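Please walk through the model below with the sequence at hand.

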Amino acid sequence: MATRRTRRFGRQQNLLPLRTGQVSKSLSCWYCDWKIRAFNEKLFFIGHRYARLLQVWFTIGSAFSLVALVGVAALLIHELGRAFYLHNWTYGLNNLSVSWLFGTSPPSFGLSIWIMNAAVMFFSTTFAVAIHEFGHAVAAASEGIQIEYIAIFLAIVFPGALVAINYDMLNSLPWFAALRIYCAGIWHNIVFCAVCWIMMFLLPFVLSPLYVHGEAPTVLEVPQTSALSGYLSHGDVITAVDGSRIRYPSDWTKKMIQINSQMLQTTFSGKKGYCVPHSWLVETNITRRIEDNFSCPGELAIFASIPCLSSSLSDGIRNEDRNANRTVTKQCLNAKYVIKLKKCGDGWEVTGSDQTSCACLEHESCMTPVQIIGTSWVEISYSTPYSPECLQLSKNTSANSDDISSACGGTFVFIGNVLTLAYSIHLSIYQPRWVYLSATIPTLVESILSCTFHVSATLGVLNSLPVFFLDGESILEVSLHYITWLNPRRRRKVLRLFLVGGTILSIIVFSRILYAMFTLSADY
């Protein structure tokens, strides 16, 4: 809100003159705004007509805003303790803020998705700021204060809005009436967060006649730079990774992180194996020490035999005893056919009552793929329910299930750094029920709601900070007037002390957040 700082420190301000036009503009190399006066009378009419109801509404908001101010101040003190190692909590505001912005890590999608995300962010920011300033405007109107203008501005690339009100009338209000005006923006952001959350919760039920929610993630985009380009395409559905069912896009990311952590293990425990018949193994077995070099021609992959042990037994064997002077039978096998065999080893997700990795028969050997250090072997199963071949076979009543399964999906193996896969494709939690529908539309709606929720919450938190130039300064100043034993001079000193301290703490906290963001970006 404009004109707040003038009232606090007693400096005189000349009111902007009311112009005859409904719109005026200001423009510079880094800032431009658009001042609108067409809504002044409408907003004042709404505030004046429902003044009593709105005053009750914003009184409730004042209580929530004061609680938010105290809570944010406590978080700042907590982060100060973390900065100076006063306690050793492993999850602080900086970690929360990174996951708040990126989920788990910054994604790396293609240009079209990047443009869509930028548009969603711009719209969400503009709308959240508009909701915030609308609260100030209606609260001021309910107290009988005339609005000067509403301004929409763009500072560099960041959109925003503000409301300019009559300073003389604001200065004549009781302190609690002024508090309602100052708290109105934060209160509207809190309420709007609740509305967005309810809409996100109800969205799957509203779209259920058209879309399936939470069954399997649908691929929206696979950039050419992705390692999965050529294997997955728009409209494909990821069904499983390493035999583990994938239901949500977050399951895909968590599974890749889990596989990467398993890759760091150096023991034979946690290996992924396949029960290869002895008839597949060549008669002239090549037996080498693990450290020796061994390569396979063409498209064949190196497989090594691993012991068929249960998890309980393998956990009790020391790593040194397992690897010391050990010889392993290595074979060159075609991975295309091996992945169709029964699985063995401890690296797969075990389901059911059979918790043993000894799943091979007597005429089979448990063989595990051999990878270079730093790489993982990942099986990715997918379906293409809306491909022309699949749709044609689905209409053919005489087609057997094997033909339909082969035409409507498959399994392929990725060998490499799985963390590059986690964020290289854009997935949707929605799956269309019909071929002419696109999963992009509900994903876009959900992204708008989610982004607006986060931006609105962030805006509410920022304005709750006890720092200069934000709503927290005005709220803090008015609140100090209720401490009757403070004279005006001491009140100003206390106010400045809180504001200076809050500003310094905020700089420290946000510096830690930015550092965590850059560190996380560098890791990926």
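Leaving aside residues up to four places away in sequence, Gln-431 touches Leu-210, Tyr-211, Val-212, Glu-215, Ala-216, Thr-218, Val-237 and Pro-385. The model in which these contacts are found is a predicted one. Gln-431 belongs to strand β16, which covers residues 426-432. Is this residue buried or exposed? Its relative accessibility is 17%, and the cut-off for buried is under 20%, so Gln-431 counts as buried.

One of the residues that Gln-431 touches is Leu-210. Where does Leu-210 lie? It sits in the loop that runs between helix α7 (175-206) and strand β5 (211-221). With a relative accessibility of 37%, Leu-210 is partly exposed, because that class takes in values between the 20% limit for buried and the 50% limit for exposed.

Which residues does Leu-210 touch, when those up to four places away in sequence are not counted? They are Gln-431, Pro-432, Arg-433, Trp-434 and Leu-437. Trp-434 also gives a distance for this pairing: its C-alpha atom is separated from that of Leu-210 by 7.5 Å, although the two residues are 224 residues apart along the chain. For the chain in general, take the contacts with a separation of 6 or more: residues 24 or more positions apart account for 78% of them.

Helix α7, at one end of the loop that holds Leu-210, is also the place of Trp-197. Trp-197 is part of a nonpolar surface patch, together with Ile-198, Phe-201, Leu-202, Phe-205 and Val-206. The accessible area of these residues together is about 660 Å².

A patch of another kind is positive and consists of Arg-489, Arg-490, Arg-492, Lys-493 and Arg-496. Lys-493 lies in helix α17, which spans residues 488-523. What is the relative accessible area of Lys-493? The value is 53%, and exposed means over 50%, so Lys-493 is classed as exposed.

Now to the chain as a whole. It contains 17 helices and 16 strands. The chain has 524 residues, and 44% of them count as buried, Gln-431 being one of the buried residues.

Technical notes. Residues are numbered from 1 along each chain as its sequence is written. This is a predicted model: local features need pLDDT of at least 70, side-chain atom pairs count only at pLDDT 80 or more; totals for chains, interfaces and linings use all residues. Side-chain values use heavy atoms; hydrogens and water are left out. Helices (H or I, at least four residues) and strands (E, at least two) are DSSP runs, numbered from the N terminus. Buried means under 20% relative accessible area, exposed over 50%, partly exposed in between (1.4 Å probe, protein chains only). Contact means heavy atoms within 4.5 Å. Patches are made of residues with over 30% relative accessible area and no salt bridge: like charges are joined within 9 Å, nonpolar side chains (Val, Leu, Ile, Met, Phe, Trp, Tyr) within 5 Å. Accessible areas come from the Shrake-Rupley method with a 1.4 Å probe; for residues, only the protein chains shown count as cover. A salt bridge is a side-chain nitrogen of Lys or Arg within 4 Å of a carboxyl oxygen of Asp or Glu. Lys and Arg count as positive and Asp and Glu as negative; His and the chain ends are not counted. The place of a charge is taken as NZ of Lys, CZ of Arg, CG of Asp or CD of Glu.
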